[in-house]
Amino acid sequence: MASVTYDHVVKRYTADVTVVKDFNVEIQDKEFMVLVGPSGCGKSTALRMLAGLEGITEGEIRIGERKINDVAAKDRDIAMVFQSYALYPHMSVYDNMAFPLQMRHMPKAEIDTRVKNASRILGLDDFLQRKPRALSGGQRQRVALGRAIVRDPQVFLLDEPLSNLDAKLRGQTRIELQKLHRDLETTFIYVTHDQVEAMTMGDRIALMYDGVLQQVGTPSEIYDHPANLFVAGFIGSPSMNFVPVTTSNGTAKGSTFEVKLPKPIGEKKGTLGFRPEALTDRAVEGGSTLEMKVDVVERLGSDQYLYGQVGGDQVTARVDPRMKVASGDEVRLGLDIRSIHVFDAETDKALL
């Protein structure tokens, strides 16, 4: 097994088109790292450079201590699972999984052992003689994973592998992938645009936007301490609330409210950020209060979301599902100041 290092990696297609800009990440041996960001941010290109499917314009990529910039894809000792599964429709499940080993001219007995071991891990024993067309989407995805497992690679690369599955199956497969990572004890690098997948699966997350790495950290670090306005808004569902404020003397003043800050910030124009769960239907000790006019109430059983306005700003609150509230109501909400953030208006970087 091995670590993976991106060292000042750049991918440029033309002088005017750079899709990955000075990318620096160290992925530890046996780590589950998730590259996440919106479509077009460069995350899949970063993965494809590691796989050898895209050239590297500048910088180095290393697997362990080995520089692989000029190493052929087949010699990098990695396995990649694609969004489209990429199964051979005329081959059985067994033959699809065995094929990469046959291409290496591995002995039949060793191939059989590896295929059956992967089949047992993935629960595919009853499907080995079926063709892909006779399988569900989730089963096909497991076959694609099995084809990667049999190779016993140093690193697994997974490019949006769950995007073709329905919501329920995605949830089940997320759990299966985490178990698989734990059982195989191998480095996983997983690309997704879905922040829920990133938060639930990754040991750490590398969040990208417009080709630039925005922040690397554990899910809790990125959720609780976003480095900038983009990270704060991308991670979390519903998204963080953002309200323009002016800070001075340890307070942040909005259009119709004033919030105490946990620590003083100089006089600045900024953006106050707070997540929906930072608002509650009761007063918070040492906190502040906001007056909200409720536009929409969304009840989800265990949660209740209020969408409305504080002054002229749109705000979302997650409140007790037993709270009696209806559209058009005006409610007073407590704001936990321990959970607020302030971002600089010019740089978007976190000040608090």
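Entry 1: A pocket, as I use the word here, is an open set of grid points with protein on both sides within 12 Å along at least five of seven lines, and its lining residues have an atom within 4 Å of a point. I also remind myself that I am reading a predicted model.

**Entry 2: the second largest pocket.** I looked up this pocket with that definition in hand. I found 13 lining residues, and Asp-224, Arg-338, Ser-339, Ile-340 and His-341 are the ones nearest the centre. Helix H7 (219–224) and strand S20 (340–344) are the elements that give two or more residues to this lining. I noted a volume of about 220 Å³ for the second largest pocket. Sorted by class, its lining has six nonpolar, three polar and four charged residues.

**Entry 3: the largest pocket.** Next I turned to the largest pocket, whose volume is about 580 Å³. Which residues lie nearest its centre? I wrote down Ile-78, Ala-79, Met-80, Pro-100 and Arg-151, out of 19 residues that line the largest pocket. Strand S6 (78–81), H2 and helix H4 (137–149) each bring at least two residues to the lining. I sorted this lining by class too, and got 14 nonpolar residues, five charged ones and no polar ones.

**Entry 4: H2 beside H4.** I logged their crossing as right-handed. On the H2 side I see Val-93, Asn-96, Met-97 and Pro-100, which meet Val-143, Gly-146 and Arg-147 of H4. This contact of H2 with H4 comes to four nonpolar, two polar and one charged residues. I spotted Pro-100 again here: this residue of H2 touches H4 and is also listed among those nearest the centre of the largest pocket.

**Entry 5: H2 beside H3.** I then followed helix H2 (residues 93–103) to another neighbour, helix H3 (residues 108–122); their axes come within 10 Å and cross at roughly 135°. H2 and H3 are therefore oblique to each other. I recorded a right-handed crossing for this pair as well. From H2, the contact uses Tyr-94, Met-97, Ala-98, Leu-101 and Gln-102, and from H3 it uses Ile-111, Asp-112, Arg-114, Val-115, Ala-118 and Ser-119. By class I have seven nonpolar, two polar and two charged residues in the contact of H2 with H3.

**Entry 6: two backbone details.** Is the peptide bond from Ser-237 to Pro-238 cis or trans? I found it to be cis, with omega near -5°. Pro-238 belongs to the loop between helix H8 (229–234) and strand S11 (241–248). My other stop was Lys-30, which is not a glycine and yet has a positive phi of about 75°. I located Lys-30 in the loop that runs between strand S2 (17–27) and strand S3 (32–36).

Definitions and conventions
Residues numbered from 1 in each chain as written. Predicted model: local features only at pLDDT ≥ 70, side-chain atom pairs only at ≥ 80, totals over all residues. Heavy atoms only, no water. Axes fitted to C-alpha atoms, helices over the stretch in contact; angles between N-to-C directions. Helix = DSSP H or I, 4+ residues; strand = E, 2+ residues; numbered from the N terminus. Parallel < 35°, antiparallel > 145°, perpendicular 65-115°, else oblique. Left-handed = near helix turned anticlockwise from the far one by under 90°. Contact = heavy atoms within 4.5 Å. Nonpolar A, V, L, I, M, F, W, Y, C, P; charged D, E, K, R; others polar. 1 Å grid on protein atoms, 1.4 Å probe; cavity = no way out; pocket = protein on both sides within 12 Å on 5 of 7 lines; lining within 4 Å. Points joined across faces, edges and corners; volume = space filled by probe spheres on them.
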